[in-house]
Amino acid sequence: MTRRTPPRPVDVEQLFPEVAPLRRQTVRLHPRAGRPSWRDSSVGGPLRWPDREPWPLCPEHRGSPMAPIVQLYVADALGVVEFPPACDLLQVLWCPRAHDGRWVLPEVRWRAAGAVGTVREAPPLPAGTPYGHVPKPCVVHPELIAEYPSWDLPYPLWDALEPRFAQVEAETGWDYQYHLSTAPGTKLGGYPGWGQDPQWPDCSGCGKPMDHLLTVASSEADSAWTPFEDEGVRCESADLMLGDMGGIYLFECRTCPGRPVKDRFGS
């Protein structure tokens with residue numbers, strides 16, 4: 001089944017033409033509980049991991065295996081993120097155990113699916129893994145949509161637009177920040193799903209701001225963004241609980257060798 005986000009109830013660019021140059025494309029993954037295989041894109045599903053390659057372990061917890069979080073084939077990225085040359089598969093894992101000052105410890109792998117060969121199973125996670133830090137196996141329903149900056153809107157522009165934001169909300173009930181700008185949920189590219197002031201990291205190698213790769217969110221709770229297919233239906237999703245229903249944001253440098261990654265947490 002596909003998932004279709006309703007169009008925004010007002011024309012954002014007509015009402016606020018100043019945000020049009022800041023429009024970005026994102027892929028909402030819409031994870032829903034299911035039975036994906038390693039042949040599928042998934043959230044929390046099995047990875048197409050080579051049997052000849054060691055399973056990644058947490059560098060801070062001796063012998064503790066990382067958990068599969070997201071697997072995405074290039075066809076399901078819908079052109080939003082350019083994959084490295086000869087790669088058609090993105091895999092994200094993390095250690096779900098507690099770390100000093102961090103919610104999770106992530107690992108990002110790019111690979112050529114056809115070169116994997118025999119696939120190995122993920123090792124069992126250790127006892128005591130915190131609830132809600134590892135997603136249930138979910139199939140995904142990639143959907144390409146446009147979004148606009150919310151917390152990332154520059155302060156001078158926010159100050160200039162705030163009277164019009166307030167007027168539109170008073171007339172229609174639609175709030176720019178929560179209903180019209182940045183899509184909630186687990187998604188690829190676009191704007192991070194910040195719930196507070198942005199914390200864009202700089203690359204340790206080149207010093208440049210990093211690009212948003214992926215948001216892994218606790219939920220898609222905002223009803224204004226509920227897909228048509230889910231209206232009035234109870235959906236079983238990834239069952240994540242990251243902090244106070246927050247999210248993990250992954251960033252990468254697309255110019256430095258190896259595309260180094262950093263993470264941030266937001267509630």
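Reader: Why is Pro 142 called partly exposed?

Author: Happy to start there. This is a predicted model, and in it Pro 142 has a relative accessibility of 26%. Buried means under 20% and exposed means over 50%, so at 26% Pro 142 counts as partly exposed.

Reader: Where is Pro 142 placed, and what is it in contact with?

Author: Pro 142 is in the loop between β7 (138–139) and β8 (143–147). Leaving aside its neighbours within four places in sequence, Pro 142 is in contact with Val 27, Arg 28, Leu 29, Asp 76 and Leu 78. A contact here needs heavy atoms within 4.5 Å. Met 210, by comparison, is 68 residues from Pro 142 in sequence and 24 Å from it in space, C-alpha to C-alpha.

Reader: What makes Arg 259 count as buried?

Author: Arg 259 has 13% relative accessibility. Buried means under 20%, so Arg 259 counts as buried. Arg 259 also has a positive phi, near 45°, and is a residue other than glycine. Its place is the loop between β11 and β12 (261–266).

Reader: Why are β4 and β5 said to pair?

Author: Pairing takes at least two bridges between the strands. Strand β4 (residues 67–73) and strand β5 (residues 89–95) have 6 bridges, in the antiparallel sense, so they pair. Within this pair, Gln 71 stands opposite Gln 91 in β5.

Reader: How do you know that β5 pairs with β6?

Author: The same cut-off of at least two bridges applies. β5 and β6 are joined in the antiparallel sense over 7 bridges, so they pair. One example is Val 92, whose bridge partner in β6 is Val 108.

Reader: Which strands of the open sheet are called edge strands, and why?

Author: The sheet has 6 strands in the order β2-β7-β3-β4-β5-β6, with antiparallel pairing. Its edge strands are β2 (32–33) and β6 (105–111), because each pairs on one side only.

Reader: What makes β6 mostly covered?

Author: In β6, 5 of its 7 residues are buried. Each of those has under 20% relative accessible area.

Reader: What makes the patch with Met 245 a nonpolar surface patch?

Author: Tyr 131, Met 241 and Met 245 make the patch, which covers about 310 Å². Patch residues need over 30% relative accessible area. Met 245 has 39%, which makes it partly exposed, so it passes that cut-off. Met 245 lies in the loop between β10 (211–217) and β11 (247–252).

Reader: How do you know that the chain is as compact as a globular protein of its length?

Author: The chain has 3 helices and 12 strands. Its radius of gyration is 19 Å, close to the 18 Å that the globule rule gives for 267 residues, so the chain is as compact as a globular protein of that length. The C-alpha atoms fill a box of roughly 60 × 45 × 35 Å along the principal axes. Of the 267 residues, 48% count as buried.

Conventions: Residues are numbered from 1 along each chain as its sequence is written. This is a predicted model: local features need pLDDT of at least 70, side-chain atom pairs count only at pLDDT 80 or more; totals for chains, interfaces and linings use all residues. Side-chain values use heavy atoms; hydrogens and water are left out. Patches are made of residues with over 30% relative accessible area and no salt bridge: like charges are joined within 9 Å, nonpolar side chains (Val, Leu, Ile, Met, Phe, Trp, Tyr) within 5 Å. Accessible areas come from the Shrake-Rupley method with a 1.4 Å probe; for residues, only the protein chains shown count as cover. A salt bridge is a side-chain nitrogen of Lys or Arg within 4 Å of a carboxyl oxygen of Asp or Glu. Helices (H or I, at least four residues) and strands (E, at least two) are DSSP runs, numbered from the N terminus. Buried means under 20% relative accessible area, exposed over 50%, partly exposed in between (1.4 Å probe, protein chains only). The radius of gyration is taken over C-alpha atoms; the globule rule is 2.2 Å times the number of residues to the power 0.38.
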